[in-house]
Amino acid sequence: KSTTPIAPIPKKSNENFVSNIPYADLCNLFQEIESTASRLAIIKLCSDFLIKSMKQDSQNLITITYLCINKLGPDYEPGLELGLGEGLLMKTIAESCGKSLAQVKSKYHSIGDLGQIAMEARNVQPTMFKPKPLTVGEVFNNLKLIAKSQGKDSQTRKIKLIKRMLTACQGVEAKFLIRSLESKLRIGLAEKTVLISLAKALMVKEYYEGIDPDMNLLEDAEQKIRDAFCQVPNYELVINACLEHGIMNLDKVCTLRPGIPLKPMLARPTKAITEVLDRFQGQTFTSEYKYDGERAQVHLLEDGSMRIYSRNGENMTERYPEIHIRDFIKDLSVTKSLILDCEAVAWDNEQSKILPFQVLSTRKRKDVNVNEIKVRICLFAFDILCYNDNRLINKSLRERREILHDVTNTVQGEFQFATEMTTSNIDELQHFLDQSVKDSCEGLMVKMLDGEESHYEPSKRSRNWLKLKKDYLAGVGDSLDLCVIGGFFGRGKRTGTYGGFLLGCYNQDTGEFETACKIGTGFSDELLTDLYNRLKDTVIDGPKATYVYDSGAEPDVWFEPTLLFEVLTADLSLSPVYKAGSSTYDKGISLRFPRFIRLREDKGVEDATSSDQIVELYENQANLQN
Ligand code: ATP
């Protein structure tokens with residue numbers, strides 16, 4: 001079978017490299033970007049800086065890219081998240097800049113930016129000796145140490161490291177150091193802009209090396225970086241591959257591989273079988289049960305080990321200690337490695353049937369002892385993306401399925417193939433949809449079966465995969481995952497807990513949360529108590545600068561964004577007080593009669609339903625009505 005072989009990615013590790021670019025230079029760049037509105041001008045600033053740093057050492061590109069996008073490494077590597085709480089930062093700023101905590105708090109009330117407060121406090125502080133200037137490498141490594149420090153005394157260690165850096169801060173450095181610690185640079189530098197600048201720098205490097213790249217292809221080059229990143233979500237590996245092989249060859253060398261979770265392909269919602277038929281008119285498509293569990297990307301590595309990654313690339317292997325993928329491989333003498341796309345579902349072994357998602361969510365996430373597991377898991381496999389040294393994503397779904405069936409064995413209640421049917425007959429589809437629900441599934445996933453359109457598209461919300469969820473037919477077609485940003489105190493029976501919540505969608509261009517509705521329906525008393533205990537510690541003094549809301553819809557308390565609710569809605573309508581999608585329309589869009597379904601703990605807050613998705617759902621609904 002013809003396949004695309006996987007080339008090794010150069011492994012020049014950034015671990016031992018410490019950038020000696022002055023941190024002040026990077027902060028001055030941030031300051032300039034903050035006061036620049038034009039995106040083109042920002043690209044110029046950012047790419048000039050990258051080029052200058054690259055001339056010193058090309059490994060600088062990695063550290064600076066990470067600091068510009070406010071990350072410390074790949075999302076799939078644990079312990080690299082910062083996002084330090086305001087309390088800890090206020091205390092540290094007060095202690096190291098000679099202010100009282102009350103002073104810092106009161107300033108924070110009026111200014112709302114801890115970075116600004118730290119900078120102002122630091123700059124009026126008399127110092128006896130001029131401190132040794134900070135370097136980018138030193139700050140980056142310290143930020144990593146802070147993110148990674150855990151357990152007893154970790155608070156003290158973090159404070160110590162921050163204080164040491166703060167004392168060395170001059171000019172605007174303290175402002176951006178604190179914002180980086182909060183994981184919020186807020187200078188209007190989108191990841192896309194950083195990537196274009198990076199592409200430009202890499203092309204300039206090739207020019208210096210006499211390769212003469214076509215600078216008109218800058219957008220293509222940036223797309224190559226993005227595509228590579230969907231398969232290998234690790235900028236260190238992507239940048240090193242560019243440096244070694246040239247940016248235009250990235251698609252040949254930087255491809256998915258066992259051991260690195262690629263970004264999963266996503267589906268678009270549909271509201272009716274007729275919509276599916278319209279979309280796939282004249283082409284062969286196939287339907288699979290849509291299982292209601294958690295996405296599980298299963299990797300078998302050449303060394304025989306196994307990893308299971310969540311939808312977000314989080315390593316969940318420890319959560320499922322009872323699963324050994326090798327047990328389901330037909331011939332281990334030929335199958336050395338693979339990547340499967342599956343859904344992990346709770347399974348009732350006595351009755352041989354699927355259990356609802358709520359049962360799955362009762363399983364512990366960490367430190368699972370295999371002897372104490374009460375809720376069993378069955379993996380339903382629906383795709384294979386990589387087999388031995390071959391990546392399969394550019395094969396048709398029909399071929400991928402064949403390979404999946406060829407190389408794995410099903411074992412009832414442990415590892416099964418997703419139930420499938422290939423038909424374009426509307427009655428048969430309706431029957432299959434009904435059957436899926438009787439079999440405890442959410443509905444169907446309808447997928448293109450042949451040709452290029454059936455290729456696996458990492459990270460894309462593709463038109464070639466449609467979800468048809470029974471409960472949402474004729475509604476807006478899908479549930480929404482919204483971030484909890486505020487709470488309303490409960491009354492009557494709900495006194496002592498929050499009785500309702502303010503929810504927001506995520507605007508991926510601006511990094512803001514735009515309010516979408518208030519919700520108070522669908523919660524049990526027990527859940528409200530749990531939510532109260534969980535959210536009370538995330539209460540903040542006022543709305544964050546990234547919350548877009550109207551004073552007509554203010555909650556009693558504001559929260560840090562930490563949690564997503566999956567919610568259903570009767571429909572979407574334009575609203576005078578809610579702000580979802582308000583950068584597209586004058587008014588925002590809001591959910592009517594929202595109802596809570598469940599917590600979405602497998603998604604990060606930035607994976608909340610986006611403003612663009614809400615606009616699309618709203619427009620589809622309006623089209624249908626027309
Ligand atoms: P999205 O992933 O689209 O943002 P979501 O996480 O809320 O939304 P759903 O709307 O439930 O997920 O639909 C997609 C998910 O359905 C997939 O991520 C996968 O976990 C699950 N799924 C279940 N069965 C299948 C299947 N046969 N093919 C693909 N995905 C499936």
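For the classes used below, Ala, Val, Leu, Ile, Met, Phe, Trp, Tyr, Cys and Pro count as nonpolar, Asp, Glu, Lys and Arg as charged, and the others, Gly among them, as polar. By this scheme the shell around the ligand has 6 nonpolar, no polar and 8 charged residues.

The model is predicted: local features need pLDDT of at least 70, side-chain atom pairs count only at pLDDT 80 or more, and totals for chains, interfaces and linings use all residues. Residues are numbered from 1 along each chain as its sequence is written.

A residue is taken as near a molecule or strand if its C-beta atom, placed from the backbone, lies within 6 Å of it. Of the 14 residues around the ligand, Glu-288, Arg-295, Glu-343, Phe-382 and Met-445 come nearest. Strand E2 (266-269) and strand E3 (285-290) are the elements that give two or more residues to this shell, where strands (E, at least two residues) and helices (H or I, at least four) are DSSP runs numbered from the N terminus.

The protein chain has 19 helices and 23 strands. Its radius of gyration, taken over C-alpha atoms, is 26 Å, close to the 25 Å that the globule rule (2.2 Å times the number of residues to the power 0.38) gives for 626 residues, so the chain is as compact as a globular protein of that length.

A residue is buried if 20 or more other C-beta atoms lie within 10 Å of its own, exposed if 12 or fewer, and partly exposed in between, with C-beta atoms placed from the backbone. A nonpolar core is a set of buried Ala, Val, Leu, Ile, Met, Phe, Trp, Tyr and Cys residues joined through C-beta atoms within 7 Å. Two such cores are set side by side here.

| Core | Size | Residues, among them |
|---|---|---|
| Largest nonpolar core | 128 residues | Ala-118, Val-238 and Leu-379, with the most contacts inside it |

Leaving aside neighbours within four places in sequence, Leu-379 is in contact (C-beta atoms, placed from the backbone, within 7 Å) with Ala-296, Val-298, Ile-323, Cys-342, Ala-344 and Phe-415.

Helix H3 (residues 60-68) is mostly covered, with 9 of its 9 residues buried. What covers these buried residues includes helix H1 (23-34), helix H2 (39-56) and helix H7 (136-148). Just after H3, Asn-70 takes a positive phi of about 65°.

Definitions and conventions:
Two residues are in contact if their C-beta atoms, placed from the backbone, lie within 7 Å.
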